[in-house]
Amino acid sequence: MADKILKELTIKVWRQKNAKAKGKFESYKISDISTGTSFLEMLDILNEQLINDGIEPIAFDHDCREGICGMCSLFIDGRAHGPDDDITTCQLHMRKFEDGATITIEPWRAGAFPVIKDLIVDRTAFEKVLQSGGYISVNTGGVPDGNAIPISYDDAEEAMDAAACIGCGACVATCKNSSAMLFVSAKVSHLAKLPQGRVEATRRAKNMVAKMDELGFGNCTNTGACEVECPKGISIANIARLNREFLSATIKG
Amino acid sequence: MTVLNSKIPAGPLAEKWSKHKAAIKVVSPANKRKLDIIVVGTGLAGGSAAASLAEMGYNVKAFCYQDSGRRAHSIAAQGGINAAKNYQNDNDSIYRLFYDTIKGGDYRAREGNVYRLAEVSGDIIDQCVAQGVPFAREYGGTLSNRSFGGVLVSRTFYARGQTGQQLLLGCYASMNRMIGQGKIEMHERNEMLDIVIADGKARGIITRNLVTGEVERHGAHAVVIATGGYGNVFFLSTNAMGCNGGAAWQAYKNGAYFGNPCFVQIHPTCIPVHGEQQSKLTLMSESLRNDGRVWTPKKKEDAIKLQKGEMGPNDIADEDRDFYLERRYPSYGNLVPRDVASRAAKERCDAGFGVNAEGKAVYLDFKYSIERLGRDVIEARYGNLFQMYEKITDVNPYNEPMQIYPAIHYSMGGVWVDYNLMTNIPGLYAIGEANFSDHGGNRLGASALMQGLADGYFILPYTIGDYLADEIQTPRIELNHPEFEKKEKAVQERLERLYNVKGDKSVDSFHKRLGNIMWDYVGMARNEKGLKFAIEEIAKIKADFYKNVRIPGDFDAMNIELEKAGRVADFLELGDLMARDALNRKESCGGHYREESVTEEGEAKRDDDNFTFVSAWEYQGEDKDPILHKEDLVFETVELTQRSYK
């Protein structure tokens, strides 16, 4: 567990001035990074170095740095959230890298997520999908007592499993078709597993799938890549559930 | 000095809120459609307020600096949310929750506000369940509870270790529904930089679009600040990287009073600092103290070996472990409130019993509960927290105790508001962590979520009507109003001033310097000499900042350094005010620990005769001393006693 020092690393990173500009890779050297440093702290250190050199620092999304807000992204050495399992980029630590390595960092690549600057992409499409039906239609007030609707332990747990999605977009970035099925199915499953959410389950599935298609996300071809890279371990079993809900919506019309 | 009117209704404590609701004005549905409300921040307070106000029929404009409302830092709250449901039949009640909160806050909060908070707490749980929040359940299908620090009942509702996330996704879903219906106009990646006040009323805000760099004008009939706390003054804290005091600070600079700025919470169970390159600290939920036992070695020689890495925690026999919380506080044990637990950890480490290389860590050990309950039970309760700990530290907490140390976590202080949650500027409200109102000198665990949602779902939607009922004839403000012109120009000038320094030091370097001063002198232990020194040092850092800060990149485009510079500029001023407030409050209370005011046992010693008040600071202009106003705290129901958890 003792931290070691990585003497030198080469950071090959996507630089793009804005949405309209043409981007390209730039390489920077960085030295003396402790293996106990987080990946984003390594980028902070690199940015400090760039600022001191008079170069504009690399723009990347991040916020909570605890793996829960879903703001951080990054495709690192060909993997969404980098070379570790079940974590977000902000939880990735430099002990996962070897001294002397070249680390390649790219933004999420998906038609529905255009680059805003450097490593920052626009994930507004996710917002639009949720606005089309990712909720239970209740107003504040006038709801029954919390214990009035008993929910089985297993249903609550399964709903929670699906609700753990952080909306980071790793599934879309990983999918060769840029499909948002894992994201959409997680929300549909979370709500469909609960009696409160069953009431409008079919309507929800239908509206969200229609919006997803409209926004340019690709189709699901069951490669399962999304599940592998999901930092929260959201299961593709949710996609099967979404398909069931959607089929039922289609039959009912 | 003005005497502040908190507008706490007269009458018995339990009837204040009902009587007040009956007395305040209501806006008709037809008129709500004519009224616009700006809500800044989309965490639990802002999100729940925006959704509820939109459902009621108001036109809401919501703002957040993140790329989605779902990412506000409420999402990181782990352990749970309190509510006086008494589902566990353990004699919980509204009164008990009220009493625990008042006592937990070391008698520096308002009775009326806190009782109301306890009163609406049950409704929050019902609302969240209806939205589909997957709270933990018992096998019979009912809601499950656990216990938190500073209380003797189990009233905390939770969704694994992700309660904040699930509650936020609940109100975010409600917001999304309203956005879909066109009742909320959502502005992501947009940061509020000033408030527009016309005819003495808050009528809009100036923002910077963080994608385009454009400065924008937004008008409304009322403005709600729900932007959380200012813990990032300390640079290292459990707050998200972008959390800032900007909106609250702009409220202050526009004349709103700032309440109890020195009251910040230091959370006892965070992963210790690992070196100079650290960017933020990660919290380990207080819920862990339900099943984890806190200890340091009894023998100094063991501590020294641990610090040198010559032995591990599992090499120390049970009889050589000092479970110091259980020793000092037998009745609450490991579940003493946060301020008490933090100070006790500091005391052990200062005495040389710290367990990591820096001597700044204590153990939180699950060995005993794993023996008692089995690994499966512990994994089901805390699995995600254990995974998070292991990913950060490379140590498996199932086999070896966690190392923890206190860190800045929450600000009890904030914008001063009256019982209606309105600041002293008409039409300007502050809710959630951004206001000062309910937690006094120390907040109890699982109460931040409760307060945020209480304000947003069940308090502000009522009280704002009392103000807006008189605004139904007020037309929408023109965006070319002279006040908009003036404020936009001021924001431009502020940003240009920073951008044009073109010095040679990064924004972060100043932020770190400020953070170090704050932690060392305005942190866990404070004294007169240190606070005076801090005020001088902060002034020096500020002067250096405006001379030497370097902001690369374009001015009129996305520029993250410029964003950070604006926030650090605010923090430099906020840090100064915090130190002044701490200097003025010569007593210890809650998280504010003045070394000059301590009991024989080393506990915080209040001075009720001289300090039973809220300090409310009024801005006087740049580099001028602010004026202190006092709101006397009146206790009609509880008796003020020395807080004891022994």
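How many residues of chain A are in contact with chain B, and how many of chain B with chain A? In this predicted model, 66 residues of chain A are in contact with 67 residues of chain B. Several elements of chain A give two or more residues to the side that touches chain B. They are α1 (39-52), β6 (115-117), α2 (124-131), α3 (153-163), α5 (181-192) and α6 (195-198). The most comes from α1(A), with six residues. By class, this side of chain A has 29 nonpolar residues, 23 polar residues and 14 charged residues.

Chain A itself is assigned two domains. Domain 1 covers residues 5-106. Domain 2 is made of two segments, 124-137 and 152-252. Taken over C-alpha atoms, the centres of domain 1 and domain 2 of chain A are separated by 30 Å. Twelve residues of domain 1 of chain A are in contact with ten residues of domain 2 of chain A. On the domain 1 side of this contact, five residues are nonpolar, five are polar and two are charged.

Chain B is divided into three domains.

For residues 36-449 of chain B, an unreviewed UniProt entry lists "domain: FAD-dependent oxidoreductase 2 FAD-binding". Over residues 36-449, chain B is 31% helix and 19% strand. The end C-alpha atoms of this stretch are 26 Å apart.

Two helix pairs in chain B share helix α5(B). In one pair, helix α4 (residues 94-104) of chain B packs with helix α5 (residues 111-131) of chain B. The angle is about 135°, and the axes are 8 Å apart. The two helices, α4(B) and α5(B), are therefore oblique to each other. The crossing of α4(B) past α5(B) is right-handed. From α4(B), the contact is made by B:Ile94, B:Leu97, B:Phe98, B:Thr101 and B:Ile102. From α5(B), the residues are B:Glu111, B:Val114, B:Tyr115, B:Leu117, B:Ala118, B:Glu119 and B:Ser121. Eight of the residues in this contact are nonpolar, two are polar and two are charged.

In the other pair, α5(B) meets helix α13 (residues 448-468) of chain B. The axes come within 9 Å and cross at roughly 85°. An angle of 65 to 115 degrees counts as roughly perpendicular, so α5(B) is roughly perpendicular to α13(B). On the α5(B) side, the residues are B:Arg116, B:Leu117, B:Val120, B:Ser121, B:Asp123, B:Ile124 and B:Gln127. They meet B:Met450, B:Gln451, B:Leu453, B:Ala454, B:Tyr457, B:Phe458 and B:Ile459 in α13(B). By class, the contact of α5(B) with α13(B) has nine nonpolar, three polar and two charged residues. B:Leu117 and B:Ser121 of α5(B) take part in the contact with α4(B) and also in the contact with α13(B).

How values were computed: Residues numbered from 1 in each chain as written. Chains lettered and ligands numbered in written order. Predicted model: local features only at pLDDT ≥ 70, side-chain atom pairs only at ≥ 80, totals over all residues. Contact = placed C-beta atoms within 7 Å. Helix = DSSP H or I, 4+ residues; strand = E, 2+ residues; numbered from the N terminus. Nonpolar A, V, L, I, M, F, W, Y, C, P; charged D, E, K, R; others polar. Axes fitted to C-alpha atoms, helices over the stretch in contact; angles between N-to-C directions. Parallel < 35°, antiparallel > 145°, perpendicular 65-115°, else oblique. Left-handed = near helix turned anticlockwise from the far one by under 90°. UniProt positions renumbered as here; feature names shortened; annotations may be inferred. Domains from an automatic or database assignment.
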